[in-house]
Amino acid sequence: MADMADVADVLDITPDLVNHVNRVWMCIFCVLGIILPLPTFRAYYNRSSPTTFPGCNIIALNGLLCLQYLINANIWPTQEINNWWNGTGLCDIQAPLKYPISLSLALSLWRLMNALATAVRNLPQYELSKAEKRNRLLKEALYCWLVPLLQIPLSYLVRKGRFTVIPVVGCADLLDDSWLKFLIITVWCPLVMLLTSYSAGCIVVRVLKHRRNINGILMSNGSKLRDRMFLRMAIISIVVLLSYIPVQGGFFLNEISTGVTRYSLFDNYSNGWNQPDMVTLADYGGQMSQYIGWTSAAWNLVFFCFSGFERESVIETRKMLAALGFGKFWPSLTQSLQPRCGTASSNRTLLQSNCLTSWMFDPVTLRFDPFGNFLTWLATSPRLDKFMQWVEGAMASTSKWFRRCLQWNWSSRRSISNDQATTVVGEDLEL
């Protein structure tokens, strides 16, 4: 544990690594990350589909993390450790929840991707009863929270300090580098990322395979997802996954780069364990540590950008604004949402001049509908048909080559074993 007097002497010669412009903008985007996804959360909650609990859990947890980073960035805005509050109480709650929340986010993303992959599997399903829906909800909750909840008490076995306080970021865990910590904390998120990547691959393969009848498959299997909604959620999940894999990969490599030490409970709970550890950015991991709060805000803003403009989310936004009293200034908020329409000829004339807008808007209603245009392209593109024929041919050739290799390997081993048996029998006859 760092002595306060020694830290005060060091601070006189340590440069201030806190980026105050980043801190202000991070707080602003954390506020947006809390408020903007609320209609999307409500829209997910009303669907009563397999994606309900994972989607709501992701938005709620990222909103909680945004609130946490917003509070901490204002409590510990500088590196002046002598003027800091030691974080007793607040950090006792936040620090043990850091890794369980991260794992629950990873598990929720996996369950969301798995639900989308199951929805486009082209297997008929029947309408679930209320009891079956409750069982499904309980199963999803266990998938997303069973292991993270077990991590909370088990983390005290590998905790070498009460908690640590960092500028801007605030409260953080203080764990050892033992093999037990690797099993309890480190290994879970990379394993879940592998499962999520597999589900993402299944989504891409099945969408391309059933690209001409995606809506029919979604309607027949009782998923309660429309084709545009499914495509929107799939793109959200894949975008978040592609951004999350490097983060988890860097975290995992950083954890294993220090090596695994022996485990000693006595060394962890030595003298001074109950004292908070206050460190500067240079001692914790460098200047990049203060940008951690952007990840949670980015997750929720991605959900808002992809799902915040769909009809269900717009209706929920109008209801919330009307409930807050904005209907007095904009009476249209209290009226039903009417679709914008126009003549096909005039709208096509407006869109023909720009290839990008023709992809983004419906030519009849002028509605923002890039996902519908993308689905149309999937079903009608001759280039995609040729590409899929080439892929299927390449996969068939690869499978045939692999099968021949296995047959050759098996036949060669069998011939060798037969030769050895013949040699042994010949030697027995000579004897």
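Modeller: This is a predicted model. In it, strand E1 (residues 164-166) and strand E3 run parallel, joined by 2 bridges.

Biologist: Which residue is the bridge partner of Thr 164 in E3?

Modeller: E1 and E3 are joined by 2 bridges. The partner of Thr 164 in E3 is Asp 277.

Biologist: Which strands stand at the edges of the sheet?

Modeller: The sheet is open and has 3 strands in the order E2-E1-E3, with mixed pairing. One side of E2 (170-172) and one side of E3 (277-278) lack a neighbour in the sheet, because each has a single partner strand. The edge strands are E2 and E3.

Biologist: At about what angle to E2 does helix H5 run?

Modeller: Helix H5 covers residues 90-119 and lies across E1 and E2. Its angle to E2 is about 50°.

Biologist: How far apart are the closest N and O atoms of Asp 92 and Arg 162?

Modeller: Asp 92 forms a salt bridge with Arg 162. The pair links helix H5 to the loop between helix H6 (130-154) and E1, 70 residues apart. Asp 92 is partly exposed at 29% relative accessible area, whereas Arg 162 is buried at 18%. The closest N and O atoms are 2.7 Å apart.

Biologist: Is Arg 159, the salt-bridge partner of Asp 173, buried or exposed?

Modeller: The closest N and O atoms of Asp 173 and Arg 159 are 2.2 Å apart. Asp 173 has a relative accessible area of 9% and is buried. Buried means under 20%, so at 1% relative accessibility Arg 159 is buried.

How values were computed:
Residues are numbered from 1 along each chain as its sequence is written. This is a predicted model: local features need pLDDT of at least 70, side-chain atom pairs count only at pLDDT 80 or more; totals for chains, interfaces and linings use all residues. Side-chain values use heavy atoms; hydrogens and water are left out. Two strands pair if DSSP finds at least two bridges between them. Helices (H or I, at least four residues) and strands (E, at least two) are DSSP runs, numbered from the N terminus. Contact means heavy atoms within 4.5 Å. Axes are lines fitted to C-alpha atoms, for helices over the stretch in contact, and angles run from 0 to 180 degrees between N-to-C directions. A salt bridge is a side-chain nitrogen of Lys or Arg within 4 Å of a carboxyl oxygen of Asp or Glu. Buried means under 20% relative accessible area, exposed over 50%, partly exposed in between (1.4 Å probe, protein chains only).
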